[in-house]
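Dear colleague,

I am handing over the structure we spoke about, with its sequence, and below it you will find my notes. Please read them with the coordinates open beside you.

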Amino acid sequence: MLRLGLSSLRPLAGPAVARTARFNVRNLSNFRPNILQTLQKQRRSLSLPSATKSARYSTDVPIIETSKPISWQRIALIAGGVAGTVVVLESALNRETRAGLSPAERSLLNATFAYTGAGLAITAVAARAMFRSGVTYRIMAANPWVVIGASLAGSIGSMFGVFYTPPENPIPKHLFWLTFNAFQAATLSPLFFFSPAILARAGLYTLGVVGSLSYVGATAANDKYLMMGGPLLAGVSVVALSALAPLVLPVTAVRALAVTEAVYLYGGLAVFGGLVLYDTQKILMHARMAEQGHMKRDPLKESIGLQLDMVNIFIRLVQILSMQQRRK
């Protein structure tokens with residue numbers, strides 16, 4: 001049995017508020033107020049009364065990006081690039097490997113990723129349903145501050161419900177989890193205004209990045225990336241503040257807005273990629289602690305962090321790919 005030293009417990013030291021603050025800031029970084037404000041500018045071109053009666057909306061310019069035919073050659077190149085990324089990351093970040101996973105570690109890791117995949121599927125289906133039913137248009141037409149406030153309150157409240165409901169109460173715990181995914185779906189539903197090809201490519205990139213980083217974290221030496229918790233929390237805070245910068249900076253500060261946009265997009269990719277490594281090794285550490293009786297096994301709670309990592313990576317990839325397409 002693996003011996004758990006004090007060094008592996010160090011990332012969990014400190015008050016409970018400090019540990020949960022990382023999830024609050026990470027959830028806040030999902031929101032980009034200037035995107036909501038940009039979408040709100042188009043509400044004059046939307047016929048909201050007719051939105052509740054039919055699927056057609058009056059507009060002067062196309063709101064939804066046109067879809068391009070899928071290139072299977074490009075998909076093959078993407079798949080090859082993802083495979084190459086796994087090999088490069090494995091050789092660069094994983095020079096010191098560990099022995100195989102114990103049954104307890106493998107069980108908790110598999111259960112966590114199963115809940116993460118189920119949560120992402122529920123979020124995607126619910127977001128698509130909201131988009132097709134016209135709920136997204138009503139969200140766009142609402143006050144951005146109200147939308148952000150309600151989304152944050154609902155997401156954080158339901159997330160805390162998942163955290164603090166013991167595993168012995170599966171029904172309320174799963175209800176909180178479904179509520180969390182519903183609020184995530186309401187927040188992400190405006191992404192369906194982007195081209196389906198962009199969403200598909202961003203989803204494939206996200207799976208490649210998260211899959212390769214999770215593999216590196218699962219096969220690396222025990223607790224190798226757990227010491228990244230403090231710097232990653234600081235990085236998430238910077239990314240969240242850069243997302244709020246357009247609310248306080250004047251429109252004329254073009255250079256400053258460009259810098260904050262780059263921090264939000266590319267800095268966010270780096271930070272949440274690091275969080276995938278951190279969360280994967282944290283799951284393995286919790287599995288060892290649960291096996292020793294120091295804590296309860298809770299894959300539903302563990303899945304929230306990974307789901308937020310994947311959502312944040314996906315959002316940034318969608319925006320980066322959309323920007324690249326506009327430049328062509």
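Over residues 263–284, what share of the chain is helix and what share strand, and how far apart are the end C-alpha atoms? In this predicted model, that span is 100% helix and 0% strand, with 30 Å between its end C-alpha atoms. Residues 113–131 are likewise 100% helix and 0% strand, and here the end C-alpha atoms lie 27 Å apart. Both spans come from the unreviewed UniProt entry, which lists as "transmembrane region" residues 75–93, 113–131, 143–163, 202–220, 232–251 and 263–284.

Turning to helix packing, helix α11 (residues 229–248) and helix α12 (residues 254–291) have axes that come within 8 Å and cross at roughly 150°; since angles over 145 degrees count as roughly antiparallel, the two helices are therefore described in that way. Their crossing is left-handed. Among the residues that meet are Gly-235, Val-239 and Ser-242 in α11, and Gly-267, Gly-268 and Val-271 in α12, and by class this contact has 14 nonpolar, seven polar and no charged residues.

The other pair is helix α9 (residues 170–188) and helix α13 (residues 299–327), whose axes come within 12 Å and cross at roughly 5°, so that α9 and α13 are roughly parallel to each other. The contact includes Lys-173, Trp-177 and Phe-180 from α9, and Leu-300, Ile-304 and Gln-307 from α13; its residues divide into eight nonpolar, five polar and one charged.

Conventions. Residues numbered from 1 in each chain as written. Predicted model: local features only at pLDDT ≥ 70, side-chain atom pairs only at ≥ 80, totals over all residues. Heavy atoms only, no water. Axes fitted to C-alpha atoms, helices over the stretch in contact; angles between N-to-C directions. Helix = DSSP H or I, 4+ residues; strand = E, 2+ residues; numbered from the N terminus. Parallel < 35°, antiparallel > 145°, perpendicular 65-115°, else oblique. Contact = heavy atoms within 4.5 Å. Nonpolar A, V, L, I, M, F, W, Y, C, P; charged D, E, K, R; others polar. UniProt positions renumbered as here; feature names shortened; annotations may be inferred. Left-handed = near helix turned anticlockwise from the far one by under 90°.
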